[in-house]
Amino acid sequence: MMVPPDTVSLADYERHFDDRVDPAIRAYIAGAGADGITLNANREALDRLRLMPRVLRDLSGATARSELFGEVLDYPIILAPMAYHKLVHRDGELATVEAAGLTRSWMTVSTQASARLDEIAARATAPLWFQLYTQPLRGDTLTLVRRAEDAGCKALVLTVDAPVNGMRNIEQRAGFRLPPDIAPVNLAGLAPDGFKPARPGSPVFQGMLHAAPTWDTVEWLCGRTALPILLKGILNPDDVEPAIAAGARGLIVSNHGGRTLDTLPASIDALPAVAARVARRLPLLMDGGIRRGTDILKAIALGADAVLVGRPVLHALAVGGLAGVAHMLTLLQTELEVAMALTGRPRLSDIDREVIFGG
């Protein structure tokens, strides 16, 4: 697969993706909760922020490198967990992880990956994280944890903001169904939920939430692995202290890409209050709408240590395969370096609130 020559930004990848991908698959990947208000807010909020430049600064020795959980992170850009990469490319996550390695980027493998974790890990040349959805049986949750440990994953990302799916009307209207040759292969052999509503009407309070995780679940999980556990889906600063008390080693400010509860705040708008409550006691990351290097700069200025990038990975994978993902990540890395240089911030530690105009 060749990357089209006019592809010079992440928006170009999305444009080509929209032209090439089956409409139902496109609706699943792009699909937002309900009316898409939160999805759109993620971009609108980032665009609303303006940067304040500094000139004639000493930029010798400039670097975007940092350290996270004892590992060198060359750029504060981590691939977010996303299900079913094989929906858009036959090699799926195996191509994605090779592209991540080529750009020295870390990748978070989804519980619902369409390739086996051990096969993905065998292709990895940069650190891997594993995203975890708790399973109906605690023993099955631990099975996934042990597989992540055996695969050499460096951290676990526990998604906490989706005990039920959002109302994904775009996906519903398109009639998306998972193709028969694509499945969440890492869940093979684990017990299915088996929930069936007993009466007509909404199923949610009829028992659908019987296995939903709680703070006790987080504490239990943290006590059963030496891997650091990050909680993904934190927007409310009041959740910071319970997370720390339960043993979480990192937090990810996220509204699930606008795919769960609609009318949530944009991630970048929620970030400062969460960062203030965290007070540098543990790493804080953010996802939601990242499309430019300037977006990354803004997130770091408002308290994030790194960002996660989601949908653009699948856009690039669909358009250019392995080369597309590597190119897309290189674009982001380059844009971040340009943004740091033009705001006079040679190191990530130099990026502070003053880089935001009026901030």
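Predicted model: local features only at pLDDT ≥ 70, side-chain atom pairs only at ≥ 80, totals over all residues.
## Strands 3 and 4

Strand 3 covers residues 77-79, and strand 4 covers residues 106-109. The two pair in the parallel sense over 2 bridges. L79 has M107 of strand 4 as its bridge partner.

M107 counts as buried, at 3% relative accessibility. Its contacts, leaving aside neighbours within four places in sequence, are L79, H85, E93, T96, V97, A100, P127, L128 and W129. M107 and F130 are 23 residues apart in sequence. In space, their C-alpha atoms are 8.3 Å apart.

Strand 5 is largely enclosed by the rest of the structure, because 5 of its 5 residues are buried. Which residues point which way? L128, F130 and L132 point one way from strand 5. W129 and Q131 point the other way. All of these are buried.

On one pairing, strand 4 and strand 5 run in the parallel sense over 3 bridges. Here M107 has L128 of strand 5 as its bridge partner. Strand 4, helix 5 (residues 117-123) and strand 5 make a right-handed β-α-β unit. Another pairing joins strand 5 to strand 6, again parallel, with 4 bridges. W129 has A155 of strand 6 as its bridge partner. From strand 5 the chain crosses through helix 6 to strand 6, and this β-α-β crossover is right-handed.

## Strand 7 and its neighbours

Strand 7 spans residues 229-234. This strand is mostly covered, with 6 of its 6 residues buried. Strand 6 and strand 7 pair in the parallel sense over 4 bridges. T159 has K232 of strand 7 as its bridge partner.

Strand 7 is also joined to strand 8 (residues 250-253) by 4 bridges, and the two run parallel. K232 stands opposite I252 in strand 8. The chain goes from strand 7 through helix 9 (residues 240-246) to strand 8. This β-α-β crossover is right-handed.

## Helix 3

Helix 3 covers residues 37-48, which makes 12 residues. From its first C-alpha to its last it reaches 16 Å, close to the 16 Å expected at 1.5 Å a residue. Which of its residues are buried? They are T38, A41, N42, A45 and L46. These residues are on the same side of helix 3, because they cover an arc of only 125° around the axis. What do they pack against? The buried residues of helix 3 pack against helix 10 (267-278) and helix 11 (293-301).

## A buried histidine

H315 lies in helix 12, residues 311-342. Is H315 buried or exposed? H315 has a relative accessible area of 4%, so it is buried. H315 touches Y13, E14 and F17, not counting residues up to four places away in sequence.

## Two loop residues with positive phi

Most residues other than glycine have a negative phi. F69 is not a glycine, yet it has a positive phi of about 55°. F69 is placed in the loop between strand 1 (66-68) and strand 2 (71-73). With a relative accessible area of 26%, F69 is partly exposed.

R280 is not a glycine either, and it has a positive phi of about 65°. R280 lies in the loop between helix 10 and strand 9 (284-287). R280 counts as exposed, at 60% relative accessibility.

Note on methods:
Residues numbered from 1 in each chain as written. Heavy atoms only, no water. Expected span 1.5 Å × (residues − 1). Buried < 20%, exposed > 50% of the residue type's maximum accessible area, 1.4 Å probe, protein only. Arc of directions from axis to C-beta. Contact = heavy atoms within 4.5 Å. Pairing = 2+ DSSP bridges. Right-handed = clockwise from strand over helix to strand, strands pointing away.
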